Amino acid sequence: MADSIDESKNVTVTEEDLENKSKGELIKLAGQLRDRRNELNQMASERASDRDDLNAKTREKVDEAQEHREKRDELNEQVQEHKDKRNELNAEANELFDKVDNVKNDLELDEGKSVDELKDEIEDLEFKQQTEVLSSEDEKELIEKIEDKREKLQQKQEKLDQSGDLEGLKEEAEEVRSEASKHHQKVTELADEAQKHHNQMIEAYREADEIRDEADEKHEEFVEAQEAADQHHEDFVRVQKRLRELDKKEEKEERSQREEKQEAAREEAEEIYQKFKEGETLDTEDLMKLQKAGKL
């Protein structure tokens, strides 16, 4: 809220004042106008200084906001770079994992029983063959089962031998995925930091707006005080002009009075001179009047 001036301290001048107030009253009025004008000019100067200080602070806050904006944009560029790299590595990792799956499918490594399971089953069957009394037919059937298991075990082992690079492929895929995760972590960290600068930018702009509003109010106060000071100056000039008019009028009246006195003195001196010419006796005062008038 603007801090208005105390109008009760203002000095006003009407045309009636100029016409009717005495010279002494007008001199006093001019002094009051001058003092109030100077007071208002000082007030306007202080308010202008406060306004300029606030405008400077506004610019500082705007500059601060711009710095946060530039830092935010810089970080967002880095975020995008790490996103692109992350996506690129994830795509590469996906391709490698697809290759792993394709190799496993081609070798059918996920089908059937594992090597260890087959070994256990063969061992159980051989133990049964060695410890149990079986008929010829049952023993023949048992031997066929053992041979079948051994054949499957051999096929499984041959496939595993063919997949010698599978583990290396899986390791490479996992390394690439791990590298992608590092870029993702970097994306998260940089994005958080960019958000902080964005929030600080918004706050700096908000503070700049508040200070700018204060500066605008202070400017209104300055204008109010300056306009009041200017009005007092104009009125001061009006009173001074009226005083000069009165001075000229007094000078004119005094000159007129002097001329009237001089004319009366000349006329009186002429009358005395005529008496002197006619032989009348003059006293000292009459002689001095003649001398003053240049008749002697």
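Visitor: What makes two rings a pair here?

Guide: Rings of Phe, Tyr and Trp pair if their centres lie within 6.5 Å. This is a predicted model, and it holds 0 aromatic pairs.

Visitor: Step back a bit. How many helices and strands are there?

Guide: There are 6 helices and 0 strands. Along the sequence the pattern reads α-α-α-α-α-α.

Visitor: Is the protein a compact globule or more spread out?

Guide: More spread out. The radius of gyration is 59 Å, well over the 19 Å that the globule rule gives for 296 residues. The C-alpha atoms fill a box of roughly 205 × 35 × 25 Å along the principal axes.

Visitor: How much of the protein is buried?

Guide: 26% of the 296 residues count as buried.

Visitor: And what share of the contacts comes from residues 24 or more positions apart?

Guide: They make up 84% of the contacts with a separation of 6 or more. Arg-59 and Ala-208 are 149 residues apart, yet their C-alpha atoms are separated by 7.5 Å. Arg-59 lies in helix α2 and is exposed, at 52% relative accessible area.

Visitor: Switching to charges. How many salt bridges are there?

Guide: A search of the whole structure finds 23. One of them joins Lys-23 and Asp-247, at 2.4 Å from N to O. That pair links distant parts of the chain: Lys-23 is in helix α2, Asp-247 in helix α5, 224 residues apart. Lys-23 is partly exposed at 27%, and Asp-247 is partly exposed at 27%.

Visitor: Which salt bridge does Arg-36 make?

Guide: Arg-36 meets Glu-39, at 3.0 Å from N to O. Both lie in helix α2, about one turn apart. Arg-36 is buried at 3%, while Glu-39 is partly exposed at 35%.

Visitor: What about Arg-150?

Guide: Arg-150 forms a salt bridge with Glu-147, the closest N and O atoms being 3.5 Å apart. They are separated by about one helical turn because they sit 3 residues apart in helix α4. Elsewhere, salt bridges that share partners join Arg-47, Lys-218, Glu-221 and Glu-224 into one network.

Visitor: Last one. Which side chain of opposite charge is nearest to Asp-17?

Guide: Lys-21, at 4.3 Å. Asp-17 lies in helix α1 and touches Thr-12 and Leu-26, not counting residues up to four places away in sequence.

Key: Residues are numbered from 1 along each chain as its sequence is written. This is a predicted model: local features need pLDDT of at least 70, side-chain atom pairs count only at pLDDT 80 or more; totals for chains, interfaces and linings use all residues. Side-chain values use heavy atoms; hydrogens and water are left out. Rings of Phe, Tyr and Trp (its six-membered ring) pair if their centres lie within 6.5 Å; planes under 30 degrees apart count as stacked, over 60 as edge-to-face and the rest as tilted. Helices (H or I, at least four residues) and strands (E, at least two) are DSSP runs, numbered from the N terminus. Buried means under 20% relative accessible area, exposed over 50%, partly exposed in between (1.4 Å probe, protein chains only). Lys and Arg count as positive and Asp and Glu as negative; His and the chain ends are not counted. A salt bridge is a side-chain nitrogen of Lys or Arg within 4 Å of a carboxyl oxygen of Asp or Glu. Contact means heavy atoms within 4.5 Å. The radius of gyration is taken over C-alpha atoms; the globule rule is 2.2 Å times the number of residues to the power 0.38.
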